[in-house]
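Colleague: I have just been handed this one and have not looked at it before. Could you put it up and walk me through it?

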2 protein chains.
Amino acid sequence: MAKVVLDMAMSLDGFAAGPGGEDSGLNDWFFAPAGRSREVIEESIASTGAIVMGRRTYGAGDDAEGFSETPYDAAHFVLTSTPPTRPPTGEVAFTFVTDGIASALEQARAAAGTRNVAVGGGPTTAQGFVEAGLLDEVQIHLIPVLLGQGIRLFGQAGERLALAPTGVVEAPDATHLRYRVLRNGAAQHGH
Amino acid sequence: MAKVVLDMAMSLDGFAAGPGGEDSGLNDWFFAPAGRSREVIEESIASTGAIVMGRRTYGAGDDAEGFSETPYDAAHFVLTSTPPTRPPTGEVAFTFVTDGIASALEQARAAAGTRNVAVGGGPTTAQGFVEAGLLDEVQIHLIPVLLGQGIRLFGQAGERLALAPTGVVEAPDATHLRYRVLRNGAAQHGH
């Protein structure tokens with residue numbers, strides 16, 4: 001069955017973005033992968049059938065047009081309460097979901113078929129999935145940088161997850177860590 | 001020449017201790033190592049000639065007696081402004097250093113000879129060394145747990161470090177990450 005995989009970059013000190021939400025170079029590895037980071041990207045592209053992301057990753061503001069290119073052959077679901085007023089301009093298939101994470105995941109699962117649903121695109125999205133107890137796996141691209149301050153990937157939500165390491169891929173630009181989720185928010189809270 | 005190696009456990013979300021400074025199980029791997037964690041400990045014991053640590057790790061309070069056993073054949077230097085009123089009771093060689101990090105490091109280097117100086121024992125000590133720009137390497141034992149809140153290992157001090165990954169050892173209880181320090185606080189600030 002398809003798995004739901006949190007797939008995000010994080011600084012060694014736990015941040016997914018700088019203090020103002022800026023990328024801070026954390027995703028540079030993806031656009032110019034070094035060493036075995038290429039393999040990690042290829043594996044992710046092959047295994048991912050749908051992607052759930054936040055509005056900021058799509059592009060902020062009413063007139064955001066989304067990104068026009070992606071190596072992924074996947075349906076993209078954008079969680080937002082305020083969809084942009086004009087349609088995406090590129091060839092990427094975006095669906096705007098305004099009725100919450102569970103709905104986004106249901107649509108993403110249907111689109112992904114036997115492939116995985118990747119959850120990416122920002123700490124708000126990540127923490128929402130952690131809090132809802134919906135993750136099967138966590139893949140962290142641990143960037144060898146310390147930001148000192150910023151927006152934490154897991155925030156307080158993190159304490160709801162118990163993880164078991166399942167593999168590491170080393171590269172000069174990132175250490176790619178995989179974990180299986182043993183227990184998550186929903187289970188811990190008895191839902 | 002001997003290297004100065006920060007050697008500490010950290011939760012996946014960047015904490016070196018719980019909110020009240022409690023260990024939160026982050027050092028369990030050391031006392032009951034699984035899989036290749038044994039190798040990491042053996043390598044650390046063989047390469048370490050002196051250890052610099054904080055007062056909390058030694059034991060809080062006037063009447064703390066220190067820990068009485070350690071697998072390390074190393075001199076222990078405890079950074080503190082208030083040494084305990086009674087001497088350590090065990091066989092571990094402790095020296096209390098009241099005149100700061102540079103002095104502790106100088107004494108530790110002399111004791112270590114050609115072996116390394118390990119910096120351990122708490123985020124205050126770690127951040128002091130980062131801020132003073134004194135680290136050559138960083139070894140993080142990344143524990144597969146998310147605390148959600150606590151005392152961050154690097155704090156704001158982290159932004160002064162630039163790192164290059166040099167190796168990873170995988171184990172079920174910790175992912176052991178090694179980094180070389182490319183640039184640190186002192187260099188960045190022109191001292």
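Modeller: What follows is a walk through this predicted model, from the pair of chains down to single residues.

Colleague: Let's switch to the fold. In what order do the strands of the sheet in chain B run?

Modeller: Chain B has an open sheet of eight strands in the order β5-β4-β3-β6-β1-β7-β10-β9, and the pairing is mixed. At the edges stand β5 and β9 of chain B, each with a single partner strand, so one side of each is left without a neighbour in the sheet. From one strand to the next, the twist averages 25°.

Colleague: What about chain A, which strands are at the edges there?

Modeller: The eight strands of chain A also form an open sheet with mixed pairing, in the order β5-β4-β3-β6-β1-β7-β10-β9, and its edge strands are β5 (94–97) and β9 (162–170) of chain A, each pairing on one side only. At the β9 end, eight bridges join β9(A) to strand β10 (residues 175–183) of chain A, and the two run antiparallel; within this pairing, A:P165 has A:Y179 in β10(A) as its bridge partner.

Colleague: Back to chain B. Is strand β4 mostly covered or open?

Modeller: Strand β4 (residues 75–79) of chain B is mostly covered, with five of its five residues buried.

Colleague: Which residues are on which side?

Modeller: B:A75, B:F77 and B:L79 lie on one side of β4(B), while B:H76 and B:V78 lie on the other, and these residues are all buried, which leaves both faces covered.

Colleague: Which way do its partner strands run, parallel or antiparallel?

Modeller: Strand β3 (residues 48–54) of chain B runs parallel to β4(B), with five bridges between them, and strand β5 (residues 94–97) of chain B is also parallel to β4(B), joined by four bridges. Toward β5(B), the bridge partner of B:H76 is B:F94.

Colleague: Which helices lie across this sheet?

Modeller: Among them, helix α2 (residues 37–47) of chain B lies across β1 (4–11), β3, β6 (116–119), β9 and β10 of chain B, and runs at about 100° to β3(B). Another, α5(B), lies across β1, β3, β4 and β6 of chain B at about 110° to β3(B). Several residues of helix α5 (residues 123–132) of chain B are buried, including B:P123, B:F129 and B:V130, and just after α5(B), B:G133 takes a positive phi of about 70°.

Colleague: I clicked on B:Y58. Is that one buried or exposed?

Modeller: B:Y58 counts as buried because 23 other C-beta atoms lie within 10 Å, where the cut-off for a buried residue is 20 or more. B:Y58 sits in helix α3 (residues 55–58) of chain B, and, leaving aside its neighbours within four places in sequence, B:Y58 is in contact with B:M53, B:A64, B:G66, B:V78 and B:F94.

Colleague: Last one: which residues have the most contacts inside the largest nonpolar core?

Modeller: Those are A:A16, A:V52 and B:V52, in a core of 104 residues. Apart from its neighbours within four places in sequence, A:V52 has contacts that include A:F77, A:L79, A:L105 and A:V119.

Definitions and conventions:
Residues are numbered from 1 along each chain as its sequence is written. Chains are lettered from A and ligands numbered from 1 in the order in which they are written. This is a predicted model: local features need pLDDT of at least 70, side-chain atom pairs count only at pLDDT 80 or more; totals for chains, interfaces and linings use all residues. A residue is buried if 20 or more other C-beta atoms lie within 10 Å of its own, exposed if 12 or fewer, and partly exposed in between; C-beta atoms are placed from the backbone. Two strands pair if DSSP finds at least two bridges between them. A nonpolar core is a set of buried Ala, Val, Leu, Ile, Met, Phe, Trp, Tyr and Cys residues joined through C-beta atoms within 7 Å. Two residues are in contact if their C-beta atoms, placed from the backbone, lie within 7 Å. Axes are lines fitted to C-alpha atoms, for helices over the stretch in contact, and angles run from 0 to 180 degrees between N-to-C directions.
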